[in-house]
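Below is a protein chain shown with its sequence and a three-dimensional model. Please look it over before reading on; the paragraphs that follow walk through it part by part.

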Amino acid sequence: MEAANKGCCCQSMKAQDERYQKLADIIARYAGQPGALIPVLHQAQEVFGYLPHDVQVLIAEGLDVPLSEVDGVITFYSLFTSQPRGKYTIGVCMGTACYVKGAAAVLEELKQQLGIDVNGTSADGLFTLEVTRCVGACGLAPVMNIGDDVYGRLKPEDVREILDKYIQAERQADA
Ligand code: FES
């Protein structure tokens, strides 16, 4: 057990180093070019999955822009996030049809089950919870999607079973 954990740790540190090396390459490619910040942030987020503070600092230094500007761009554009994201994004539709059919109760149940608020990520790193506008499946209201899977006519009591499917799949993949 202990040996397995040590292996995991080394693997993860190695993966991290590779990510920081990729970041350095991205910054070097764009340094000195006008309008570099957004493409660099975009590519850095592809590498890390999100934009943590230390990555923001490296980008600010590498592109010679104030950290406040980096932070401002991340805050302004919703495609950027400074928070880690789960493997699966859960989107609960809060469009009118879904809202009327009880989407708020489904959302509440998800928050309870995952122990997070909207835009939060579960402690196991599996799920990020978001609300969405109408996803065009109003006939199935209330609707949520998890990754590419769509679930309709939801009731709060369906939530546990649906989440368990992903949790079980993850455990099997790790086994
Ligand atoms: S309002 Fe939810 S799918 Fe249209």
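In the protein chain, confidence is lowest in helix α1 (residues 2-30), with a mean of 71, and highest in helix α6 (residues 103-114), with 98. The score in question is pLDDT, the predictor's confidence in each residue, on a scale from 0 to 100. This is a predicted model, in which local features need pLDDT of at least 70 and side-chain atom pairs count only at pLDDT 80 or more, while totals for chains, interfaces and linings use all residues. Residues are numbered from 1 along each chain as its sequence is written. Over the protein chain the mean pLDDT is 90, and 91% of the residues reach 70 or more. Residues 1-10 stay under 50, and for them the model has zero contacts beyond four places in sequence. A contact here is a pair of residues whose C-beta atoms, placed from the backbone, lie within 7 Å.

Next comes the overall layout. The protein chain has seven helices and four strands, in the order α-α-α-α-β-α-α-β-β-β-α from the N terminus. These elements are DSSP runs, numbered from the N terminus: helices are H or I with at least four residues, and strands are E with at least two. The C-alpha atoms fill a box of roughly 55 × 45 × 20 Å along the principal axes. Two domains divide the protein chain, domain 1 (2-76) and domain 2 (88-174), with bounds that come from an automatic or database domain assignment. Their C-alpha centres lie 30 Å apart.

How many of the residues of the protein chain count as buried? The share is 19% of the 175 residues. A residue is buried if 20 or more other C-beta atoms lie within 10 Å of its own, exposed if 12 or fewer, and partly exposed in between, with C-beta atoms placed from the backbone. Among contacts between residues at least 6 apart in sequence, 61% join residues at least 24 apart.

An α-helix has 3.6 residues a turn, so residues three or four places apart point the same way. After α6 comes G115, with a positive phi near 70 degrees.

The largest nonpolar core has 18 residues, and those with the most contacts inside it are I90, V92, C93, A103, V106, L110 and M144. Such a core is a set of buried Ala, Val, Leu, Ile, Met, Phe, Trp, Tyr and Cys residues joined through C-beta atoms within 7 Å. Two or more residues of this core come from each of β1, α6, β2 and α7, and the largest share, five residues, is from α6. Apart from this core lies another, of ten residues, among them V40, L51, I59 and I74.

Leaving aside neighbours within four places in sequence, A103 is in contact with V92, C93, M94, C98 and P142. P142 lies in the loop between β2 and β3, and a cis peptide bond, with omega about -5 degrees, joins A141 and P142.

Two further loops hold residues other than glycine with positive phi. D64, with phi near 60 degrees, lies in the loop between α3 (53-63) and α4 (67-76). D64 is exposed, with 9 other C-beta atoms within 10 Å. R153, with phi near 50 degrees, lies in the loop between β4 (149-151) and α7. R153 is exposed too, with 12 other C-beta atoms within 10 Å.

The last stop is G62, in helix α3. G62 counts as partly exposed, with 17 C-beta neighbours inside 10 Å. Not counting residues up to four places away in sequence, G62 touches I27 and A31. G62 and M94 are 32 residues apart in sequence, and their C-alpha atoms are 40 Å apart in space.

Note on methods
Two residues are in contact if their C-beta atoms, placed from the backbone, lie within 7 Å.
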